[in-house]
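Q: Could you walk me through the calls made on this model, setting each value against its cut-off?

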Amino acid sequence: MADIKLVEQADVAGKRVLVRVDFNVPIADGVVTDDTRIRRALPTIAYLVGKGAKVILMSHLGRPSGTGYEEKFSIKPAADRLAALVDAPVAFAGDTIGPKAKEAVQNLAGGQILVLENLRFDKREKKNDPGFARALADLAEIYVNDAFGTAHRAHASTAGVAHLLPAYAGYLLQNEVATLTGMLDDPKRPFVAILGGSKVSDKVGVIDSLIDKADTIIIGGGMCFTFLLAQGKAVGASLKEEEWIDRAGEMLKKADAAGCKILLPSDVVVADRFAEDAAVSTVPVDAIPADMMGLDIGPETAKAYADAVAGGKTVFWNGPMGVFEMRPFEAGTKAVAEAMAANAEGDTIIGGGDSVAAVNKFGLADRMTFISTGGGASMELVEGKALPGVEALK
Ligand code: ADP
Ligand code: MG
């Protein structure tokens, strides 16, 4: 963090401050259905308002075609929601760099907020087009990036504009980067990482990186079957990635050499179909029937994993232990989430879209130390990759 300037170092009073936020929220019938991301941006917004800055907020929302306004991707509902959460006037521009935005910026007074329309209505945003970045920069005198969720993308609003204005990190971005890099560079030990989700191939970089850092890695989810195959076990109709079996075996060897303990399931919940009403049973990993698929870790495994989580001083979790979206296969994921929630002494950190959804589903989110707002961005950071949105602030 030492090489990044922080928002509190900027002299913002009376200045036009352009803030990249992550307002990419779910919307139904013109109403925001989950305002978590808007709330997470409030510390930076409230700070700037309190300092008397003219606050100009910009974000993308969804995946519009990039050829102009599309009502269903308008960011107006997010602006309306923000207005209910902050103690300041919130105006909505109606465009991004066009005449409406320019006029609205002119009319902005210190302590007021303006929300620009969806950045991705213009396809130049994702291309990091220099002209688009210039037009954004021309709206303001200072740039703040608080959108950790898009920090792994080099877009005009995350990278381009940062080179054209004095650039600073907002509180959310600071907090995300400090928490995740702190976890990797100087974890309280034992450091226990829980990795799951569907595919090994999605997580190879994350597993590789954590083998060097963690004391214990717990493996569940669909990816565990490729590891079990590497151990010579038969996994029936479970999710498997044949071309990653050798690589999984290498990771087990690497972990052994590095002194990182890897935990794999001893039992699994199997089903005859990928369905909520499938015929379900619990079997040892040595006896997975050929025609059944493993859709959750079994109760014996869940207990062992929960015990390992309880002993961690740093616990990082990415990837559900099973198909938690379906009732018969949620128990393993729930057991791990509950063990994290009950670990009051340790730092409990969660990254990854579906893992965060699982914790929310079980109502345990506020019992965790830190929940990352960036799915892809947090994974890339854990993999050890540089994030363009963070690099651009240096
Ligand atoms: P995250 O978004 O937290 O990084 P992933 O996207 O990697 O997690 O994986 C989440 C998905 O993995 C969930 O939709 C879940 O249903 C699926 N999953 C977990 N276990 C299994 C399994 N045994 N078989 C198939 N899919 C699984
Ligand atoms: Mg996911």
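This is a predicted model: local features need pLDDT of at least 70, side-chain atom pairs count only at pLDDT 80 or more; totals for chains, interfaces and linings use all residues.

Q: Where is Glu125 found, and what does its side chain contact?
A: Glu125 is found in the loop between β6 (113–115) and α5 (130–137). Helices (H or I, at least four residues) and strands (E, at least two) are DSSP runs, numbered from the N terminus. The Glu125 side chain makes a polar contact with the side chain of Ser157, at 2.6 Å. A polar contact is a pair of N or O atoms within 3.5 Å; within protein, one must be able to donate a hydrogen and the other to accept it, and residues adjacent in sequence count only if both atoms are side-chain atoms.

Q: What makes Asn128 partly exposed?
A: Asn128 has 25% relative accessibility, so Asn128 counts as partly exposed. The place of Asn128 is also in the loop between β6 and α5.

Q: What is noted about the phi of Asn128?
A: Phi is positive, about 50°, although Asn128 is not a glycine. Most residues other than glycine have a negative phi.

Q: Which other residue has a positive phi although it is not a glycine?
A: Asp29, with a phi of about 50°. Asp29 is found in the loop between β2 (27–28) and β3 (31–32).

Q: What makes the bond between Arg189 and Pro190 cis?
A: Omega is about 5° for the peptide bond that joins Arg189 and Pro190, and the bond is cis. Most peptide bonds are trans. Pro190 has its place in the loop between α6 (171–185) and β9 (191–195).

Q: How do you know whether Gly298 is buried or exposed?
A: At 1% relative accessibility, Gly298 counts as buried. Gly298 is found in the loop between β14 and α10 (299–310). Gly298 and Thr282 are 16 residues apart in sequence and 6.2 Å apart in space, C-alpha to C-alpha.

Q: What about Asp296: buried or exposed?
A: Asp296 has a relative accessible area of 3% and is therefore buried. Asp296 is found in strand β14. The C-alpha atoms of Asp296 and Ala310 are separated by 20 Å, and these residues are 14 apart along the chain.

Q: Which residues are closest to ligand 1?
A: Ligand 1 is surrounded by 19 residues, and the closest are Lys203, Asn318, Glu325, Asp354 and Ser355. A residue is near a molecule if one of its heavy atoms lies within 4 Å of it.

Q: What polar backbone atoms lie by ligand 1?
A: A polar backbone atom of Ser198 is 3.2 Å from an oxygen atom of ligand 1. A backbone N or O atom of Gly294 lies 3.1 Å from a nitrogen atom of the ligand. For Gly353, a polar backbone atom is 3.4 Å from a ligand oxygen atom.

Q: Which elements give two or more residues to the shell around ligand 1?
A: They are β14 (293–297) and α12 (353–361). The largest share, 3 residues, comes from α12.

Definitions and conventions: Residues are numbered from 1 along each chain as its sequence is written. Chains are lettered from A and ligands numbered from 1 in the order in which they are written. Side-chain values use heavy atoms; hydrogens and water are left out. Buried means under 20% relative accessible area, exposed over 50%, partly exposed in between (1.4 Å probe, protein chains only).
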